[in-house]
Amino acid sequence: MDGSNLIPPRSVTRFAESDRYRAEIHGLVVGGAHTYSKGDDQFPALSPAAIARGEGGRVWDLDGNDYVDCGLGLGAVSLGHAFRPVIDAVHAAIEQGAAFQRPAAVERELARELLAMMPGMERVKFAKNGSNVTTAAVKLARAFTGRDLVAFPGNHPFYSFDDWFIGATKVANGVPDEFRALSRTYRSTDPESLAAAFRDNPGRIACVITEPEDFIPNPPEVIREVERITKANGAVFILDEMVSGFRAGLPGSYTGLGLSPDLATWGKAIGNGFSFCALTGRADIMDLGGIRGNEHPRVFLLSSTHGGEAHTLAAARAVLATYREQDVLGHHRRLTARVTEGWRQVVHDRRLEGAITVHASPWRVILACADRAGVASAPLRTLLLQEMIGRGVLCQGYFVPCFAHTDDEIETVISAFDAAAAVYALALDHGTEDFLVGEAARPVFRKWNGCRQVCPASPCPHEMGCRQHP
Ligand SMILES: Cc1ncc(COP(=O)(O)O)c(C=O)c1O
């Protein structure tokens, strides 16, 4: 279908303040952002450079444009931007002071509440960043087992900004080879590849750290087999519930999947955007970081000035209370199902099967963009985002819900996708050049910032994530 006459015009066209921001920010902030996946190279040129404010399921940019928010602070905002009960709890806590010379009393309350929600978890340690808790879990596992290697799925996007993970990516500059040699990767869809890693490194793998779910959901037996292999080989099984926690289930995926992780890591949705993360696990492993008992040498675990920041912990308590008192996950699931159904219908109606694939689980929806031959295409993906943003939906290729999202907002997410898909269909036939403004988005994990030459080969041998070979 040639939808060219039927495509609704873009409603968001003003990016003057955003363009000024983009022009200045890289001379101030390295990378222009404090998370690479929020960077300018991850978005189309016609997009907000920064967000001025958010409320519920919407955000406003520097030019006053407002958007339905599909990404919600990298999945962190589970209830809604500026969600009133959380904000009230934070205000009340701030009135009482933020940091003390001894622990804030709220630490005990939150620890009790958290562990009560997490079967099998006997101890907790708080932190401000997910990377810190995953790294702490790896350290504990090494101390507990006396082994040096760490294994994780190489096809998963992210576990930490620390060397044990980044050393295994294309952006390993600055990570000594000796550190890189301590990481092993396997394929999350193929437990046998993990078994092979154990066979190839007898007695050396301290832990397997993995997310419980893939973008394209695996049968539950796959992750159960990963757990079985890990434990059968005497390694520590660490489940990273940073993304799935308080979204896939309560508290996360592990109970529903029938898993018994030795350690688990949490963040994002648990704080509704506040910087609260947690490491939980078996007492015998966690207590290596304790200050009592003399059976083993101590592990210097998480320790930081702001680890127990009182109002952040109050925010987390308010989030937990909201989940206990209201059917947050029921709302999430209903909206996720509607987006899945709506986006799939659009793909069908616009005859885009094979070019746009809607990967869905009950708690998130992810878009894969390809050309007519089914080859992944960064320019087409960027075009899709550009056209959705132009119709008031801030989308980075996936949808996660928040409790404050309304049905009307979800219909906007679907209608914007429909208009964007119509443009996508035209670009499939005529190329993206006439439709995409600016450069295509680039992979976060690329060795170089940009291609300084045109690479005739595909994939690009220079690992530059260039426009020709993203
Ligand atoms: C699965 C997973 N683990 C760990 C992290 C690191 O969390 P943070 O960005 O809070 O350091 C992320 C971040 O996106 C993540 O997706």
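**Reading sheets and domains in a predicted model**

Me: Which residue of E13 is the bridge partner of Val68?

Reply: In general, the strands of a sheet pair through backbone hydrogen bonds, in either a parallel or an antiparallel sense. Here, the partner of Val68 across the bridge is Val393 in E13. Helices (H or I, at least four residues) and strands (E, at least two) are DSSP runs, numbered from the N terminus, and two strands pair if DSSP finds at least two bridges between them. This is a predicted model, in which local features need pLDDT of at least 70 and side-chain atom pairs count only at pLDDT 80 or more, while totals for chains, interfaces and linings use all residues. Residues are numbered from 1 along each chain as its sequence is written, and side-chain values use heavy atoms, with hydrogens and water left out.

Me: In what order do the strands of the sheet with E13 stand?

Reply: The sheet is open, with 4 strands in the order E1-E2-E3-E13 and mixed pairing. Strand E1 (51–55) and strand E13 (393–394) each have a single partner strand, so one side of each lacks a neighbour in the sheet. E13 pairs with strand E3 (residues 66–69) in the parallel sense over 2 bridges. E1 pairs with strand E2 (residues 58–61) in the antiparallel sense over 4 bridges, and Gly54 stands opposite Val59 in E2.

Me: How many residues lie between E1 and E2 in their hairpin?

Reply: The hairpin has 2 residues between E1 and E2, and Gly56 in the turn has a positive phi of about 60°. Ala82, a residue other than glycine, also has a positive phi, near 50°; Ala82 lies in the loop between H2 and helix H3 (84–94).

Me: Which strands form the open sheet of 3 strands?

Reply: That sheet has the order E11-E12-E14, with antiparallel pairing. E11 and strand E14 (398–399) are at its edges with one partner strand each, so each has a side without a neighbour in the sheet. Strand E12 (residues 365–369) pairs with E14 over 2 bridges in the antiparallel sense, with Ile366 opposite Tyr398 of E14.

Me: Into which domains is the chain divided?

Reply: Domain bounds come from an automatic or database domain assignment. In this chain, domain 1 covers 16–82 + 328–430, and domain 2 covers 99–308. Their centres, taken over C-alpha atoms, are 29 Å apart. The contact (heavy atoms within 4.5 Å) takes 19 residues from domain 1 and 16 residues from domain 2.

Me: What area do domain 1 and domain 2 bury between them?

Reply: The size of an interface is often given as the accessible area lost when the parts come together. Buried area is the accessible area (1.4 Å probe) that two parts lose on being put together, summed over both. Here, the two domains bury about 1500 Å², of which 55% is on carbon and sulfur atoms. Leu329, Trp363 and Arg364 supply 39% of the area that domain 1 buries against domain 2, more than any other three residues.

Me: How many salt bridges are there between domain 1 and domain 2?

Reply: A salt bridge is a side-chain nitrogen of Lys or Arg within 4 Å of a carboxyl oxygen of Asp or Glu. The count between the two domains is 0. The elements that give two or more residues to the side of domain 1 that touches domain 2 are helix H2 (72–75), helix H13 (328–349) and strand E11 (356–360).
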